[in-house]
Amino acid sequence: MRGPVRGATRGGEPGEGRRSPLKSAVPSNIVSPVRRCSRTACGRPAVATLTYVYADSTAVLGPLATYAEPHCYDLCAEHGERLTAPRGWEVVRLADPSAPTRPSNDDLEALANAVREAARPQDRQQGGRGPRAADPVEVARRGHLRVLRSPES
């Protein structure tokens, strides 16, 4: 007797004995929809995408891409911060416009000055003189809102 015909499977129907390429060995309720870091043995969620531009010898690290592409690498925050490029290559780090920015020293200094100015007693701010004629007059207050009337009216 001859062996099985090439391409045929058990059961007679083509493809009946094989697992369909669309069926996974892992049940879908176990697979996480969160994209993970591409680094080996790192299971942290990805926050940035790394792309290499070989023509310019540049590695570009930017915000997480909207969908995973085969030629890009998703990295977690730790691996994104520690990223280094080969000798002669440049690393370009693109800022995430949706990420909150940290206040600069100028911002903090301006805020501190505004708080100091608001904390001064009223008579010191005006140099010890009474209210000037051009200053608006407070008519009513509700919470942090004030109703002011100009001195002409």
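Q: Is Cys-42 buried or exposed?

A: In this predicted model, Cys-42 is buried, because its relative accessible area is 12% and the buried class covers values under 20%.

Q: How many disulfides does the structure hold, and which cysteine sulfur is nearest to that of Cys-42?

A: A disulfide requires two cysteine sulfur atoms within 2.5 Å. The search of the whole structure returns 0 disulfides. For Cys-42, the nearest cysteine sulfur belongs to Cys-76, at 3.8 Å, which lies beyond the cut-off of 2.5 Å. Cys-76 is buried, with a relative accessibility of 1%.

Q: Which residues make up the largest nonpolar core?

A: In soluble globular proteins, nonpolar side chains tend to be buried together. Here the largest nonpolar core has 9 residues: Cys-37, Cys-42, Ala-48, Leu-50, Ala-59, Leu-61, Leu-75, Cys-76 and Leu-83. Strands S1 and S2 (58-63) each supply at least two residues of this core.

Q: Which residues is Ala-59 in contact with, leaving aside its neighbours within four places in sequence?

A: Contact is a matter of heavy atoms within 4.5 Å. On that basis Ala-59 is in contact with Leu-50, Thr-51 and Tyr-52, and also with Trp-89, Glu-90, Val-91 and Val-92, once neighbours within four places in sequence are set aside. Ala-59 and Leu-50 are both members of the largest nonpolar core.

Q: How many aromatic pairs does a search of the whole structure find?

A: Ring pairs are read from the distance between centres and the angle between planes. The search finds 4 aromatic pairs. One of them joins Tyr-52 and Tyr-54, with centres 5.9 Å apart and planes at 35°, a tilted arrangement. Tyr-52 is partly exposed at 28% relative accessible area, whereas Tyr-54 is exposed at 60%. Tyr-52 also pairs with Trp-89, edge-to-face, at 5.9 Å centre to centre and 85° between the planes.

Q: Why does the pair of Tyr-52 and Trp-89 tie together parts of the chain that are apart in sequence?

A: Tyr-52 belongs to strand S1 (residues 48-53), while Trp-89 is found in the loop between H1 and strand S4 (90-93), so the pair ties together parts 37 residues apart in sequence. Trp-89 is partly exposed, its relative accessibility being 25%. Ring pairs link Tyr-52, Tyr-54, Tyr-73 and Trp-89 into a cluster.

Q: How many salt bridges does the structure hold?

A: The structure holds 3 salt bridges. In one of them, the side chains of Asp-74 and Arg-35 meet at 2.9 Å, N to O. This pair links distant parts of the chain, with Asp-74 in strand S3 (residues 73-75) and Arg-35 in the segment before S1, 39 residues apart. Asp-74 is buried, at 8% relative accessible area, whereas Arg-35 is partly exposed at 21%.

Q: With which residue does Arg-44 form a salt bridge?

A: The partner of Arg-44 is Glu-78, and their closest N and O atoms are 3.0 Å apart. Arg-44 lies in the segment before S1 and Glu-78 in helix H1, so this pair ties together parts that are 34 residues apart in sequence. Both residues are partly exposed: Arg-44 has a relative accessibility of 36%, and Glu-78 has a relative accessible area of 36%.

Q: Where does His-79 lie, and is His-79 buried or exposed?

A: His-79 is part of helix H1 (residues 77-81). His-79 is buried, because its relative accessibility is 9%, under the 20% limit. Apart from residues up to four places away in sequence, His-79 touches Cys-37, Arg-39, Cys-42 and Arg-44.

Key. Residues numbered from 1 in each chain as written. Predicted model: local features only at pLDDT ≥ 70, side-chain atom pairs only at ≥ 80, totals over all residues. Heavy atoms only, no water. Helix = DSSP H or I, 4+ residues; strand = E, 2+ residues; numbered from the N terminus. Buried < 20%, exposed > 50% of the residue type's maximum accessible area, 1.4 Å probe, protein only. Phe/Tyr/Trp six-rings, centres within 6.5 Å; stacked < 30°, edge-to-face > 60°. Salt bridge = Lys/Arg side-chain N within 4 Å of Asp/Glu carboxyl O. Core = buried A, V, L, I, M, F, W, Y, C linked by side-chain atoms within 4.5 Å.
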